[in-house]
Amino acid sequence: MSTMVPGWNHGNITRSKAEELLSRTGKDGSFLVRASESIPRAHALCVLYRNCVYTYRILPNDDDKLTVQASEGVPMRFFTKLDQLIEFYKKENMGLVTHLQYPVPLEEEDAVDEAEEDMENTMSPPELPPRNIPTTAGLCEAKELPLAAESPRAPEVSRPSLSETLFQRLQNMDTSGLPEEHLKAIQDYLSNQLTLDSDFLKTGSSNLPHLKKLTSLLCKELHGEVVRTLPSLESLQKLFDQQLSPSLRPRPQVSSEASPINMVAKLSQLTSLLSSIEDKVKALLHEGSESPHRRSLIPPVTFEVKSESLGIPQKMHLKVDVESGKLIIKKSKDGSEDKFYSHKKILQLIKSQKFLNKLVILVETEKEKTLRKEYVFADSKKREGFCQLLQQMKNKHSERPEPDMITIFIGTWNMGNAPPPKKITSWFLSKGQGKTRDDSADYIPHDIYVIGTQEDPLGEKEWLEILRHSLQEVTSMTFKTVAIHTLWNIRIVVLAKPEHENRISHICTDSVKTGIANALGNKGAVGVSFMFNGTSLGFVNSHLTSGSEKKLRRNQNYMNILRFLALGDKKLSSFNITHRFTHLFWLGDLNYRVELPTWEAEAIIQKIKQQQYVELLSHDQLLMERKAQKVFLHFEEEEITFAPTYRFERLTRDKYAYTKQKATGIKYNLPSWCDRVLWKSYPLVHVVCQSYGSTSDIMTSDHSPVFATFEAGVTSQFVSKNGPGTVGSQGQIEFLTCYATLKTKSQTKFYLEFHSSCLESFVKSQEGENEEGSDGELVVRFGETLPKLKPIISDPEYLLDQHILISIKSSDSDESYGEGCVALRLEATETQLPIYTPLTHHGEMTGHFRGEIKLQTSQGKKREKLYDFVKTERDESIGAKCLKSLTSHDPMRQWEPSISHEVSTSQVPSSQPVSSPLPSFLSLPRVSRPGDLGKSPTEALLQEDAPLTKPEMFENPLYGSMSCFPKLVPRKEQESPKMPRKEAPPCPEPGISSPSILLTKAQEAEGSKGTGKQAPVSAFGPTPRVRSFTCSSSAEGRPSSGDKGPGKPKAPASSPAPVPAKRPIKPSRSEVSPQTTPSPAPRPPLPVKSPAVLQLQYSKGRDYRDNTELPHHGKPRPEEGLLGRTAMQVWWATRARVRARACVRVHASVVVLGRAGLQA
């Protein structure tokens, strides 16, 4: 056994790391050896020559001798040891591109101080950890398979002696209960047929045909009994089924052939049915006869909202009755219902992106017209709860047999080696700090619960019982255990609704150790993966190295987990776990810290108390490492709005214990967000994080539990309506003018591999042509040589939900140089469309893949998904709407966007579906900068240059800027006050401030021109500028609108030029709109309005008298187009003419009074 590893043997380093080490030396003949990524037990010899890296595979033969795969014509040489091979190829002209000269030594690892930290918590695994529970039987085993291959060498026994031994053992057994024909068959097999099966094994066959015949004979009668018994048990199970689900799928039918495999399947089915029936009857007896109905009931929930009617906000109540499938609208909470809409009449929910508590509901009326209803909730949580309840209603009453969307709860908690408190239900209800769930959503159980723990002191059965009891308390439902897997004190549990039992398959578990020397399991990861119908889901719970200064070690832990965790489809072994799953969720105590000096500890705590999280998050190690693309490449994380979850004093959440006394001195653990949840999904797949926060009432550990809930799109196991032999049903996927840009110095040829669940098997392309790129990159062009892919099903409903995984591999070593994913959810078929995917390998960015794709499908259209029911739109994008459009059934007339949206497909977030059954302008995507693509809100916030400012007061979603809906001002408030002739309106009290605006001299002149007369000049010098506001402080005032009679009031003689009190005039939107106002100068009130102006103001105007809304400053109003501007010019001209006439009359009266005073 070798005690020392040579310096040039780097073991399991990545290909890119090997190239980096060789490039640093810069000497021809530099070399190192690493483990092969494509072949187990093989090595890769990497040699640097003329600034290019050449890779040779070192392969073992059947006798474990090593040989180098060198150039053609070079004789093969075999070596017993790796160092002998290296010594031989140090000679010149041995077939390599150059002889080996300079070994590249190993990098020194920072494992010196690692031992102290890793050993202080657990130096040994927990005592006798229980094995996985029976439900995980049949799961994928961990990767330690090569060891099993060595054991078959032990039994070296001659064949006759084996037969004699077994025959003797049979005679010593009590066989009195065996039927005589069965005993004869067994004896015949041992004496005659055992040796024949042995010969089959020697030839390499895995079949034992004679043993199968024997077992078939023995099970012949049992098979008939099982076939007769199964239907009865299935009927009994349905009788006691608590879910009463109409869409419960029948169990898969097993072939009626009496083979051992079919017998095992039927017996397994029989066993599960018996245990299921027992559980169901126990639950029914425990909870009463009505429990099936009561368990699935969601009580009606009422929301208080505000709506606008003719510009006046009104309180209303929306009652959601999930069970009856109705949305009831009431004016008072306890009053009778005004109207209701059934689930079929509710077409869509449209969330405002600008105002997080505003929602638009599109409903269908009795006359098949589309009505748009706009409501403002108390806060964003209420709006989210309302949307979730309506989605639940749509799902419950849907006629589809399989779901399009599921909700997933993710929880992570470092338990601190302490048992949990008695009550942990707040964790599963997403209650505490951060983005939490509304109380109205408490009654909605999630479809899947994934709970990851670290430093967990409990056994599997004990912890599982606590979890199931807590979920029973919260949801009144008994959840099924999908999987549970433990590595020392790191554990992951997956639970699912009973109705999903038949939808979950291909369950797989695995673990990776990253403790000291990657041998101890106190640090590492456990994972679970499975298929939910046609969607692959993966979950990883990890506990990484602790310590603020161990950031690089944590990065390496992540890379090792990414590379060695064996989950998912084995056919995708060339892809790491970030590409194997439609949705991958990564949770755990990642141990990344806030990187600030220790003397700022108290300042950090003060910022936490003031909830100044943004400034602290700018020093968060995980966010910084992600920004530098060192870890969690292309993962997403919801914005963090909760306090750091570590390190608290136990039994309180009011104090952080940031110091720890150790033998080496005081160690600081600054408050940090150690416990995190991230996710990565395939492109253009629906996934939305609905909550992300931490609990405040679970205090037994120095960590707080963290929760995150997700809404994830899933696909069904599609069965095509057209048979596979149908003419014209064959689809096709064609890649055109594709090329890859790689960051590599390798000198080799490359080819592509295409993998997808929609293909029968992977497809390999021809080699591409290499070109020198910029910045030392290599460009590989594939041109028109790529194969055309034939999907197994060409129905667009199936095909548009699929993805193609692409791997670019070396022709020399078959090692991957980059992997990417392309979505087939295209805007159009039969058309060449551009595609792009980044290429990554083992968590590192290695290049880019670009080209075009053309998709050919069979006839048909993609149906609407449940997650398309809720959309998000930008408020500014909504065009002008009037009262008539509210009852129009044509959505194209209702919605007329007046601004262009320059959003490319690559900018659409993954959570926003591209295709929609409604027009695209019903669900405009969030506009994001290209630089922000794929970044979390927190990360994007850190990159902002401009400081954040609070929104102004008028940005109230109820009263301000509700541009989706123009306010309709009542006529009595639009027109001048209607008063009897010759009766003056009362003047306002002096001192009242007015929002009215005064007219400038330029506008006065313009008004005079409008009448064709020149305004006379006063004989007393300059006329006061406020003369058009002249109003007596007595009961007298100006006449009612349009009065021209002799009863016009006159100003008192004692005040020839008074400064009047200003009458408060409320400007309409059209009066102060920055787009239509010729000048920012003030304007007097309008004395009289023509019918045309009244109609114009009725349809376009906006009244602010009953609210605090102000216009957008400096923002163009999208609803005012060219027609609006022309009409407003006419309106201003009319107003100026009337005002000019009034000024002439007032001036003439003042002159007459002045002369009378002089004569007196």
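Trainee: Which residues of α5 meet α6?
Mentor: In this predicted model, His 182, Ala 185, Ile 186, Tyr 189, Gln 193, Leu 196, Asp 197 and Phe 200 are the α5 residues in contact with α6. On the α6 side, the partners are Pro 209, His 210, Leu 211, Leu 214, Leu 217 and Leu 218.

Trainee: At what angle do the axes of α5 and α6 cross?
Mentor: They cross at roughly 160° and come within 8 Å of each other. Here α5 covers residues 180-202 and α6 covers residues 209-218.

Trainee: Are the two helices roughly parallel or roughly antiparallel?
Mentor: They are roughly antiparallel, because an angle over 145 degrees counts as such.

Trainee: Moving on to α7, how far apart are its end C-alpha atoms?
Mentor: They are 30 Å apart. The helix has 20 residues, 220-239, and at 1.5 Å a residue these should span 28 Å, so the two values agree.

Trainee: Where in α7 does a kink lie?
Mentor: The kink is at Thr 229, shortly before the proline Pro 231, and amounts to about 25°.

Trainee: And which residues of α7 are buried?
Mentor: They are His 223, Val 226, Leu 230, Leu 233, Glu 234 and Gln 237. As background, an α-helix has 3.6 residues a turn, so residues three or four places apart point the same way.

Trainee: Changing topic, how many salt bridges does the structure hold?
Mentor: There are 38 salt bridges in the structure. One of them joins Arg 400 to Asp 404, with the closest N and O atoms 2.7 Å apart.

Trainee: Is Asp 404 buried or exposed?
Mentor: Asp 404 is buried, at a relative accessible area of 3%.

Trainee: What about Glu 549, with which residue does it form a salt bridge?
Mentor: Glu 549 pairs with Lys 550, and their closest N and O atoms are 4.0 Å apart. Glu 549 is exposed, with a relative accessible area of 54%, whereas Lys 550 counts as buried at 4%.

Trainee: Which residue forms a salt bridge with Lys 749?
Mentor: Glu 769 does, and the closest N and O atoms of this pair are 3.9 Å apart. Lys 749 lies in the loop between β27 (732-742) and β28 (750-755), while Glu 769 belongs to strand β30 (residues 769-772), so the pair ties together parts that are 20 residues apart in sequence. Lys 749 is partly exposed at 33%, and Glu 769 is exposed at 52%.

Trainee: Which residues are linked in a network of salt bridges?
Mentor: One such network links Asp 620, Arg 626, Glu 637 and Arg 676.

Trainee: Let us turn to the backbone. Is the peptide bond from Tyr 646 to Arg 647 cis or trans?
Mentor: That bond is cis, with omega near 10°. Arg 647 sits in the loop between α17 (621-627) and β22 (659-662). For context, most peptide bonds are trans, and most residues other than glycine have a negative phi.

Trainee: What is phi of Asn 591?
Mentor: Phi of Asn 591 is near 65°, a positive value in a residue other than glycine. Asn 591 is in the loop between β21 (583-589) and α15 (601-609), and counts as buried at 3% relative accessibility.

Trainee: And where is Thr 737 found?
Mentor: Thr 737 is in strand β27. This residue also has a positive phi, about 45°, although it is not a glycine. Thr 737 is partly exposed, with a relative accessible area of 40%.

Definitions and conventions:
Residues are numbered from 1 along each chain as its sequence is written. This is a predicted model: local features need pLDDT of at least 70, side-chain atom pairs count only at pLDDT 80 or more; totals for chains, interfaces and linings use all residues. Side-chain values use heavy atoms; hydrogens and water are left out. A salt bridge is a side-chain nitrogen of Lys or Arg within 4 Å of a carboxyl oxygen of Asp or Glu. Buried means under 20% relative accessible area, exposed over 50%, partly exposed in between (1.4 Å probe, protein chains only). Helices (H or I, at least four residues) and strands (E, at least two) are DSSP runs, numbered from the N terminus. The expected span of a helix is 1.5 Å times one less than its number of residues. The bend at a residue is the angle between axes fitted to the seven residues ending there and the seven starting there. Axes are lines fitted to C-alpha atoms, for helices over the stretch in contact, and angles run from 0 to 180 degrees between N-to-C directions. Angles under 35 degrees count as roughly parallel, over 145 as roughly antiparallel, 65 to 115 as roughly perpendicular and the rest as oblique. Contact means heavy atoms within 4.5 Å.
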